[in-house]
Amino acid sequence: MTDSLPPVVERIHEEVLRRNPAEPEFHQAVREVLESLAVVLRRHSEYTEMKTVERICEPERQVIFRVPWQDDSGEVQINRGFRVEFNSALGPYKGGLRFHPSVNLGIVKFLGFEQVFKNALTGMPIGGGKGGSDFDPKGRSDAEVMRFCQSFMTELYRHLGEYTDVPAGDIGVGAREIGYLFGQYKRITNRYESGVITGKGLGWGGALVRTEATGYGAAFFAEAMMEAAGESFDGKRVTVSGSGNVAVYGIEKVHQLGGTVVACSDSSGYVVDEKGIDLEVLKQVKEVERARIGAYAERVPSASFVAGGSVWDVPCDVAIPSATQNELDGDAAVVLARNGCRHVVEGANMPATPDAVRVLRESGVAFAPGKAANAGGVATSALEMQQNASRDRWSFEHTEARLEEIMRGIHERCAATAEEYGSPGDLVLGANVAGFLQVAEAVHAHGLV
């Protein structure tokens, strides 16, 4: 990462900071893209003249609303809901809903901004958006989660539609929450509009592979990235942070591709299993029992649990951060590089800090940004929308093949764009520039709107 920006983009950056105070994650996401765009603006003066970058940095619509609901004891609870409809140049807004206490407007805007470029890279006709609430589903009963989701959708429904805005799940929003949200949307609108939300249950419009898609996609991207360097997963030690949906299915696909995941984590600490993480036990602990990761080590003799600490202390060839934003900092990146890590692939949204990315680049570690590497989830959501629109359902094998094709296409596009713009191998620049160019072309075609 550079310390200063060229004047043409520094002006844009300063204006974003002025207009969006106290939103550090959004500032970080914008700056990371701006650092790549100076080379584009030098080549395409029309983007400066038409203020294309400024237009893309400003959401088309930001919705904030109150979500009142009653808990099981009858006490009234008040949460805040958000939906940022960032850019619809390529299609209806598309992006997940996150239910977590950390959710605020800045977090949602950062995620929505990233989503614009990520969705563009898939080549699918979808724009970018994001939403959520500071509601925490942990420790809540099914009835409480249902009441919250119904109240949330009672306000949000008026902004949604299969040709307008199509949410999906994210942290804290899984199949249970999607079901309650869709049920309330259907009840209010009197329409069975399958394409209005993705991540649905398989029995009522969902797509096979959607559950696995983000983790599988990150592994497919990593494989394409290693193949470009003349390597493969065979014999590779891999660490994966997190133990949620992305991590679990990332581990599954890495094992299928020949790698060995030796460590994963949650907020309580991390486990190391030199024999390779036992997926059946991990799924039982995290998906069925929703227990802490330490429970894995209690059941697997070859595993050990480390409370707190950093999963990045475990030596590996490939690291796939798959938990949350800014989890991999500069110090952790130094340790990864020192221990011989050769590839870092972001499975989550912006999990590496700017310092970490700088350290990895300077150390010669290949780095894949989340907007490219974790696009598998939204790509498969778009495939779910296709199936809903045609009243069709594809096989697991067909959908997975389409996912792999899309992920390999994203890698190829990022690599080719980096080469074209004078930075061969720089997938960060390749992803930012390729995504920006596709969105910018559509923005111009639609006129000043």
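Before we start, a word on the model. It is predicted: local features need pLDDT of at least 70, side-chain atom pairs count only at pLDDT 80 or more, and totals for chains, interfaces and linings use all residues. Residues are numbered from 1 along each chain as its sequence is written, and side-chain values use heavy atoms, with hydrogens and water left out.

Let's begin with lysine 130. An unreviewed UniProt entry gives Lys130 the feature "active site". UniProt positions follow the numbering used here, feature names are shortened, and annotations may be inferred rather than shown by experiment. Lysine 130 sits in strand β4, residues 128-133. Helices (H or I, at least four residues) and strands (E, at least two) are DSSP runs, numbered from the N terminus.

Is lysine 130 buried or exposed? Lysine 130 is buried, because its relative accessibility is 4%. The cut-offs are these: buried is under 20% relative accessible area, exposed is over 50%, and partly exposed is in between, with a 1.4 Å probe and protein chains only.

What is lysine 130 in contact with? Setting aside neighbours within four places in sequence, its contacts include Arg83, Val84, Gly95, Asp170 and Asn349. Contact means heavy atoms within 4.5 Å. With aspartate 170 there is also a polar contact, side chain to side chain, at 3.1 Å. A polar contact is a pair of N or O atoms within 3.5 Å; within protein, one must be able to donate a hydrogen and the other to accept it, and residues adjacent in sequence count only if both atoms are side-chain atoms.

Next, the sheet. It is open, has 5 strands, and runs in the order β1-β2-β4-β3-β5 with mixed pairing. Strands β1 (61-70) and β5 (165-168) stand at the edges; each has a single partner strand, so one side of each has no neighbour in the sheet. From one strand to the next, the twist averages 20°. Two strands pair if DSSP finds at least two bridges between them. Strand β2, residues 76-87, runs antiparallel to β4, and 6 bridges join them. Here arginine 83 stands opposite glycine 131 in β4.

A helix lies over this sheet. Helix α6, residues 142-156, lies across β1, β2, β3 (93-99) and β4, at about 145° to β1. Axes are lines fitted to C-alpha atoms, for helices over the stretch in contact, and angles run from 0 to 180 degrees between N-to-C directions.

On to salt bridges. How many does the structure hold? There are 33 salt bridges. Each is a side-chain nitrogen of Lys or Arg within 4 Å of a carboxyl oxygen of Asp or Glu.

Take arginine 147 and aspartate 72, at 2.5 Å, N to O. Arginine 147 is in helix α6 and aspartate 72 is in the loop between β1 and β2, so the pair ties together parts 75 residues apart in sequence. Arginine 147 is partly exposed at 28%. Aspartate 72 is partly exposed too, at 48%.

Now aspartate 165 and arginine 83, at 2.7 Å, N to O. Aspartate 165 belongs to strand β5 and arginine 83 to strand β2, so this pair links parts 82 residues apart in sequence. Both aspartate 165 and arginine 83 are buried.

Proline 92 is in the loop between β2 and β3. Proline 92 is buried, at 17% relative accessible area. Beyond four places in sequence, its contacts include Pro125, Tyr163, Asp165 and Met385.

Cysteine 341 lies in the loop between α12 (330-338) and β11 (343-345). Cysteine 341 is buried, at 5% relative accessibility. Not counting residues up to four places away in sequence, cysteine 341 touches Cys316, Asp317, Val318, Ala319, Leu336 and Val365. Its C-alpha is 9.1 Å from that of arginine 237, 104 residues apart along the chain.
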